[in-house]
Amino acid sequence: DDDIDDKWYELLDGEGRMMEGAVRVRTQWRRTDGEEWTPIPEVDDDDIDDEMNGEEEELTNWGWFRFVMFVAAESKLLSDTTIFVIFLNVVAMAWDNECDLIDASCVEFKLVLEQANLVFTIFFTIELLIKLVGLGPLIYFKDASNTFDMFIVVTSVVEIPATVSALYCFHLPVPDVKTCVSDTAGSGLSGLR
């Protein structure tokens, strides 16, 4: 039979239940039917332990960090938290309205919205970095929604100076209406988020 099939092995414990683990397969080969099979070198249990320990040592600090970021990027916790924060962001954007900045309650309202905007931007930036590092750039950018998310996050980060300026403006004893209105306007890209 010239067809080569993949071989799948199951590990079974003493009672016949499937187990997780690795299977080491040692192979022999020959070039033609007339040749002898190549000899299989003897392997001690100590050699296997040394080889396994060597595999663990190959993971550097950066490798461990990427592994942790990968686990975080693929976690249900990050996914659910992101959905919840998106919901809060939508509520905050729907809640935003025009008001008279001379009124103290309006100034306080705008201050809370600007602070929320900054918190949302920071959260989405951290989420982007976790996914980018954990998945790696090639896998991250294969998903079109990740590329779109990155565009939205970058536009939000570009607006951070306007947000900080607005926060400063609202903390003044008597906010200048023209300055605060122009500061909260930003570049108009926060609506994309």
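**View A. Helix α2 and its buried residues.** Helix α2, spanning residues 61-73, has 13 residues and reaches 18 Å from its first C-alpha to its last, close to the 18 Å expected at 1.5 Å a residue. The model shown here and in the other views is predicted. Within α2, the buried residues are Gly63, Met69 and Ala73; because they cover an arc of only 125° around the axis, they lie on the same side of α2. The cover over these buried residues includes α3 (76-95) and α4 (104-135).

**View B. The crossing of α2 and α4.** The axes of α2 and α4 come within 7 Å and cross at roughly 120°, an angle that makes α2 oblique to α4, and the crossing is left-handed. On the α2 side, the contact involves Trp62, Phe65, Arg66, Met69, Phe70, Ala72 and Ala73, which meet Ile130, Lys131, Val133, Gly134 and Leu135 in α4.

**View C. The crossing of α4 and α6.** Helix α6 comprises residues 144-158, and its axis and that of α4 come within 10 Å and cross at roughly 140°, which makes α4 oblique to α6. The crossing of α4 and α6 is left-handed. From α4, the residues Thr121, Phe124, Thr125, Leu128, Lys131, Leu132 and Leu135 meet Asn146, Met150, Val153, Ser156 and Val157 in α6.

Methods
Residues are numbered from 1 along each chain as its sequence is written. This is a predicted model: local features need pLDDT of at least 70, side-chain atom pairs count only at pLDDT 80 or more; totals for chains, interfaces and linings use all residues. Side-chain values use heavy atoms; hydrogens and water are left out. Helices (H or I, at least four residues) and strands (E, at least two) are DSSP runs, numbered from the N terminus. The expected span of a helix is 1.5 Å times one less than its number of residues. Buried means under 20% relative accessible area, exposed over 50%, partly exposed in between (1.4 Å probe, protein chains only). The arc is that of the directions from the helix axis to the C-beta atoms. Contact means heavy atoms within 4.5 Å. Axes are lines fitted to C-alpha atoms, for helices over the stretch in contact, and angles run from 0 to 180 degrees between N-to-C directions. Angles under 35 degrees count as roughly parallel, over 145 as roughly antiparallel, 65 to 115 as roughly perpendicular and the rest as oblique. A crossing is left-handed if the near helix is turned anticlockwise from the far one by less than a right angle, and right-handed if clockwise.
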